[in-house]
Amino acid sequence: MANRLFSKFLDFIEKYGNKLPDHVMLFVIIAGIILLCSAVFAALGTSAVNPATDEEIFVVNLLNGEGLIMILTQLVPNFTSFPPLGIVLVVMLGVGLAESTGLISALMKTTIMNTPKKLILPVIVLVAMLGNAAADAAMVVLPPIVAMIFIALGRHPIAGLAAAYASVAGGFSANLILSMLDPLVAGFTQTGAQILDPNYVANPAMNYYFLAISCFVLVPVAVLVTTKIVEPRLGSYTGETEKIEEVTKSEKRGLLWAGISIAVLTVIVLFLTIPQDALLRDAETGSLTVSPFMTGLVPLMMVFFLVPALVYGLVTKVLKSSKDVADHLAKAMSGMGMYIVIAFVAAQMIAFFNWSNLGPIVAIKGADLLQALGLTGLPLLLGFIIVAALINLMVASASAKWAILAPVFVPMFMIVGYSPAFTQLAYRIGDSITNPITPMLAYFAIALTFAKKYDPKIGIGTFMASLLPYSIAFAIVWIILFAAWYFLGLPLGPGEFIHLNN
């Protein structure tokens, strides 16, 4: 009964979601709604007080003279400075060449032939979750590669794409590796905690134990959702498939030398990162978490695809001259036209939303609502997770939301006895679970663009119905794990506990 009801719910999402306009026009419509709302709520004098600065924030009217001038003069900078634009195009230079020369295809054939099929999907999901240490780049690199792996396995490529995207985005806080996000959010947690305790110092690894365990817990959940819900709904793939053939001697030789090139690159990167005074560490603190290495992950990822692709192409004689290299690079980028159109429209929509101040005002009002409900204990914390998840549908930036919410909730929960680490953990769960389905995360549109390669007619509804089960499943499992941690009183990270008096 429950399965039928859930299936009907997804059918509803798919049916009416597919009635929405094309995703490019949908972004245009949303941008228009944002402009209209900015004018209406500005006329009503809508505002909120930022708890971090005590500054009153007002909605900015973008349809008056000043707003129209800003839209006109910032249209091009909005596009050229749109972070996903550079990330995607730079990474795709390397990934595209690796695909064009046949390196990825040969690697997939070797992997598929030597890995038990039952382990391929769990490994993919685990790699995707670990890949969120590379932040946004993983959302660009992994989904199209996993889609190709699924085709080679005779499975639906969009199911593979959805599994990879949802695992990176929905499991954004689950990892075995500390990423640049950890010290970033810890900084805002420290600021919030120092409102009550000026001597409080935040530990970037304050949630590490919970998030590391989450990584292993969420992997089988993502596998189950993919095999039991997403793939059956998508049915059999009727597009072009790639027959798995034996790897030729030339391909084996190419893979060998490509592997050697990766090993050499790895040694170079280790030399530049491992020593305490290494070039890619922070010059002042010696930190690797916040360092040129983390900032330069995108170009490093491009290099780690580009160099092996060049080596493979030269060894297999796919690349015989510099002209061949240029032709293959052009071929690799030729399919990015639709993405560039989407990036242009999405950049304007997100800029309008940021300029209007609607995002922070919604976040502050949501926080006020939660405080007004008068909840206590675990229900209060679960309510906070839900509020963070809902706000994430409108404000995708994890740091931007936490900059606003931390000064409200960290001291509020400290007063009732909860540690800043536990409050931050609740926020990170809420911030992650709706990541796969929020259209305000620009990579949603990118993933949909990749999906159209395999099904040109796929609509937002079908794609959303493939991602929503992951969000729901992750939310259920994460909340159960959170509640278990709460009742058992387990440590959250090194020296960090749920209650202040531990």
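## Aromatic pairs and nonpolar cores

Y470 is buried, as is F474; buried means under 20% relative accessible area, with a 1.4 Å probe and protein chains only. Both residues lie in helix α21, four residues apart, about one turn of the helix. Helices are DSSP runs (H or I, at least four residues), numbered from the N terminus.

The model is predicted, so local features need pLDDT of at least 70 and side-chain atom pairs count only at pLDDT 80 or more, while totals for chains, interfaces and linings use all residues. Residues are numbered from 1 along each chain as its sequence is written, and side-chain values use heavy atoms, leaving out hydrogens and water.

The whole structure holds 18 aromatic pairs. Rings of Phe, Tyr and Trp (its six-membered ring) pair if their centres lie within 6.5 Å; planes under 30 degrees apart count as stacked, over 60 as edge-to-face and the rest as tilted.

| Pair | Centre to centre | Angle of planes | Type |
|---|---|---|---|
| Y237 and Y454 | 6.5 Å | 75° | edge-to-face |
| Y470 and F474 | 6.4 Å | 70° | edge-to-face |

Y237 sits in the loop between α10 (208-234) and α11 (249-273) and Y454 in helix α20 (residues 442-454), so their pair ties together parts 217 residues apart in sequence. Y237 is buried at 19% relative accessible area, and Y454 is buried at 12%.

A nonpolar core is a set of buried Ala, Val, Leu, Ile, Met, Phe, Trp, Tyr and Cys residues joined through side-chain atoms within 4.5 Å. The largest has 160 residues; Y165 and F482 are among those with the most contacts inside it. Helix α21 (residues 460-488) supplies the largest share of this core, 16 residues.

Key:
Buried means under 20% relative accessible area, exposed over 50%, partly exposed in between (1.4 Å probe, protein chains only). Helices (H or I, at least four residues) and strands (E, at least two) are DSSP runs, numbered from the N terminus.
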